[in-house]
Amino acid sequence: MVSARPPAARWWESAVFYQVYPRSFADSDGDGVGDLNGVRARLDYLARLGVDALWICPVTRSPMADGGYDVSDPRDIDPLFGGMPAFDALLTAAHERGIRVTMDLVPNHTSSEHPWFRAALAAGPGSRERARYHFRAGRGPDGSRPPNNWPSIFGGPAWTRVVEPDGRPGQWYLHLFAAEQPDLNWDNPEVAADFAETLRFWLDRGVDGFRIDVAHGMAKPDGLPDMARVTTAMLIHDDTDPRFNNPGVHEIHRGIRKVLDEYPHAVAIGEVWVDDNIRFGEYVRPDELHLAFNFRLAETRFAADAIRHAVDNSLTAVAPVGAAPTWTLSNHDIDREVTRYGGGALGTARARAMILVELALPGAVFVYNGAELGLPNVDDLPEEVLQDPVWERSGHTERGRDGCRVPMPWSGSAPPFDFTTAPQSWLPIPPEWAESTAEKQLVQSDSMFALYRTAIALRRTRPEFHGTGLQWEQAAPGCLVLLRPGGLVCVLNTSGEPVELPHGEPLLCSAPLEGRMLPPDAAAWLVRSASE
């Protein structure tokens with residue numbers, strides 16, 4: 001058993017988390033898929049980057065219908081990633097380097113291969129086994145139509161009809177995602193009790209917390225009513241959508257928090273796609289989640305007014321409940337920032353500027369693996385290699401998320417760039433990434449990696465970053481200037497012309513200055529004394 005490190009109160013409120021998508025990080029056994037021993041082998045790289053904690057995407061047992069988010073055993077590590085010995089070794093090695101480890105847990109649904117769901121199929125209608133999920137009779141005289149009009153996030157209906165043990169067409173079961181991911185019924189006390197057992201299993205093993213997948217989705221409305229307006233968008237921005245953000249979800253999170261309060265060092269971080277600020281803040285009340293992902297900054301175009309609005313909005317959402325804000329520019333579900341900001345040299349310059357903005361803000365920061373190398377999306381992957389379930393369920397009309405999940409380029413001049421010893425990685429790495437490898441960037445003083453490393457170190461060590469407040473100063477058109485109480489000034493120029501920096505001593509810039517002129521698509525940190 002691995003022991004947890006001594007707890008530090010509320011460490012997560014200003015931590016820099018590094019999101020590891022394991023199958024795309026580093027492969028240790030030559031099968032072309034990243035694994036936990038690969039992560040462990042690269043821990044010194046992450047320590048050099050300076051991150052405080054890892055968020056590891058799902059590595060528990062799974063048939064991998066959705067990259068591990070279809071869990072068949074939440075209390076074991078899948079052999080694809082090295083099994084439990086690899087996880088324990090990673091946990092120990094990370095803690096030795098002062099890096100905490102948080103896991104991805106999936107409470108909204110299980111895999112269709114989970115023993116519970118297999119038992120539900122075998123037991124038939126009205127059984128205790130089916131009561132753990134959402135089984136319903138179909139509509140129409142022969143029950144051949146789904147119980148309601150809900151679509152799956154991945155395309156198609158959110159219901160699949162089963163064949164009953166006697167061979168006849170039978171009930172339908174709910175799956176907000178793929179058919180291989182049946183939704184659990186959180187009104188059933190067995191579900192909550194089993195999840196509490198899962199939490200304690202990993203916390204006792206030394207884990208420092210969890211990212212809670214679909215944290216706004218576990219509670220379903222009474223009667224499962226039809227949607228007034230059916231949408232097939234993958235990332236929902238409709239706070240009236242009955243599939244998500246039902247009031248009962250908060251009692252679920254209070255139960256989760258009670259378990260985590262037994263482990264004061266541990267954090268719970270919710271994936272919460274809720275636009276309304278008051279309703280978002282409810283998820284991070286003192287007796288619910290510690291943190292919740294706010295995606296406003298990641299969804300905002302590169303324009304000063306829009307960025308300021310996103311920052312203000314995110315701060316406003318958590319201020320009434322006293323929670324820390326969270327910031328991220330990308331993850332495994334959305335396009336990488338270099339691509340979103342225009343691609344090529346322009347997108348790279350803007351991504352460099354935005355990491356300085358993000359790290360200047362109070363709260364927790366989440367960095368997606370590869371962002372520190374300035375990796376773009378790969379949107380021209382051959383169709384035959386696409387693996388996201390969105391591709392199949394959309395009838396090959398939506399390519400899905402594989403473009404932001406291409407493996408890391410570590411070293412060398414040709415794919416797979418030391419990601420694996422296999423001839424090819426699970427998703428192909430483009431040859432042009434030869435100029436973006438970690439090996440090259442580690443020795444370049446002006447690389448994206450060097451910028452991240454320097455900025456993270458300054459954020460941790462400089463007193464100017466202390467405090468939780470933030471205020472805006474008057475700025476030129478297309479620019480923003482934010483001031484932290486400790487004396488940090490962050491300037492962002494989204495205009496098309498150079499602008500003069502306000503007073504203060506330059507500390508770090510995303511692009512070279514010409515005197516005191518900040519070029520377009522750039523940001524700078526300045527410091528002022530307390531008397532200024």
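Guide: Strand E5 (residues 100-105) and strand E9 (residues 209-212) run parallel and are joined by 3 bridges. Within this pair, Met 103 stands opposite Phe 210 in E9. The model is a predicted one.

H5 covers residues 189-205, and its 17 residues should span 24 Å at 1.5 Å a residue; the end C-alpha atoms are 25 Å apart, which agrees. At the N-terminal end, Asn 188 caps H5, with a side-chain oxygen 2.9 Å from the backbone nitrogen of Glu 190. After the helix comes Gly 206, whose phi is positive, near 115°. The buried residues of H5 are Val 191, Asp 194, Phe 195, Ala 196, Thr 198, Leu 199, Trp 202, Leu 203 and Arg 205. An α-helix has 3.6 residues a turn, so residues three or four places apart point the same way.

Strands of a sheet pair through backbone hydrogen bonds, either parallel or antiparallel.

Further along that order is strand E1 (residues 16-20), which is mostly covered, with 5 of its 5 residues buried. Val 16, Tyr 18 and Val 20 point one way from E1, while Phe 17 and Gln 19 point the other way, and all are buried. E1 pairs in the parallel sense with strand E13 (residues 364-368) over 4 bridges, and Tyr 18 stands opposite Val 367 in E13. E1 also runs parallel to strand E2 (residues 53-56), to which 4 bridges join it. In that pairing Phe 17 stands opposite Ala 53 in E2.

Asn 331 lies in the loop between strand E12 (326-328) and helix H9 (337-340). Its relative accessibility is 5%, so Asn 331 counts as buried. The side chain of Asn 331 reaches two backbone nitrogens: that of Asp 333 at 2.7 Å and that of Ile 334 at 3.3 Å. Leaving aside neighbours within four places in sequence, Asn 331 is in contact with Gln 19, Phe 295, Tyr 368 and Cys 404. Of these, Gln 19 belongs to E1 and Tyr 368 to E13.

Last, the place of this part in the chain. The protein chain is divided into domain 1 (16-108 + 189-449), domain 2 (115-174) and domain 3 (467-527). The centres of domain 2 and domain 3, taken over C-alpha atoms, are separated by 57 Å. Another open sheet has 3 strands in the order E6-E8-E7, with antiparallel pairing. Its edge strands are strand E6 (135-136) and strand E7 (159-163), each pairing on one side only. E7 and strand E8 (residues 169-174) run antiparallel and are joined by 4 bridges, with Trp 159 opposite Leu 174 in E8.

How values were computed. Residues are numbered from 1 along each chain as its sequence is written. This is a predicted model: local features need pLDDT of at least 70, side-chain atom pairs count only at pLDDT 80 or more; totals for chains, interfaces and linings use all residues. Side-chain values use heavy atoms; hydrogens and water are left out. Two strands pair if DSSP finds at least two bridges between them. Helices (H or I, at least four residues) and strands (E, at least two) are DSSP runs, numbered from the N terminus. The expected span of a helix is 1.5 Å times one less than its number of residues. Buried means under 20% relative accessible area, exposed over 50%, partly exposed in between (1.4 Å probe, protein chains only). A polar contact is a pair of N or O atoms within 3.5 Å; within protein, one must be able to donate a hydrogen and the other to accept it, and residues adjacent in sequence count only if both atoms are side-chain atoms. Domain bounds come from an automatic or database domain assignment. Contact means heavy atoms within 4.5 Å.
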